[in-house]
Amino acid sequence: MDISIRGHIINNFKGDDFDVLRSAIEESIQEKDEVTLPGMGVFLEIIWQGADEELKNKMLQIIKERINQA
């Protein structure tokens, strides 16, 4: 059986509103549950694919700063 994690995650959230998406992201971060990491990766991939260069650079800046603070 060939299961697409990306497809499953995307289908799981299709039709959900901002509140559901925000809640899923915030709960994933708050609980620090590594099971949710693939979903967060799919969300990042979706954002990255839709971002212009300015937003990509801003995201990279935030990631770099936060990694250096950790």
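Basis. I worked from a predicted model in which local features need pLDDT of at least 70, side-chain atom pairs count only at pLDDT 80 or more, and totals for chains, interfaces and linings use all residues. I numbered residues from 1 along each chain as its sequence is written, and side-chain values use heavy atoms, with hydrogens and water left out.

I looked up the largest pocket and found about 520 Å³ of space in it. A pocket here is an open set of points on a 1 Å grid where a 1.4 Å probe fits, with protein on both sides within 12 Å along at least five of seven lines; lining residues have an atom within 4 Å of a point. Of the 14 lining residues, I25, M40, F43, L44 and I47 are the closest to the centre. I noted α1 (5-13), α2 (18-31) and α3 (37-50) as the elements giving two or more residues to the lining. The most come from α3, with seven.

Entry, helix pair. I checked α3 against helix α4 (residues 53-69): their axes come within 8 Å and cross at roughly 140 degrees. L44, I47 and W48 of α3 make the contact with K56, M59 and L60 of α4 (contact means heavy atoms within 4.5 Å).

Entry, loop. I found T36 in the loop between α2 and α3. T36 counts as partly exposed because its relative accessibility is 26% (buried is under 20%, exposed over 50%, partly exposed in between, with a 1.4 Å probe and protein chains only). From C-alpha to C-alpha, T36 and N12 are 13 Å apart in space, and they are 24 residues apart in sequence.

Conventions:
Grid points are joined across faces, edges and corners, and a volume is the space filled by probe spheres set on the points. Helices (H or I, at least four residues) and strands (E, at least two) are DSSP runs, numbered from the N terminus. Axes are lines fitted to C-alpha atoms, for helices over the stretch in contact, and angles run from 0 to 180 degrees between N-to-C directions.
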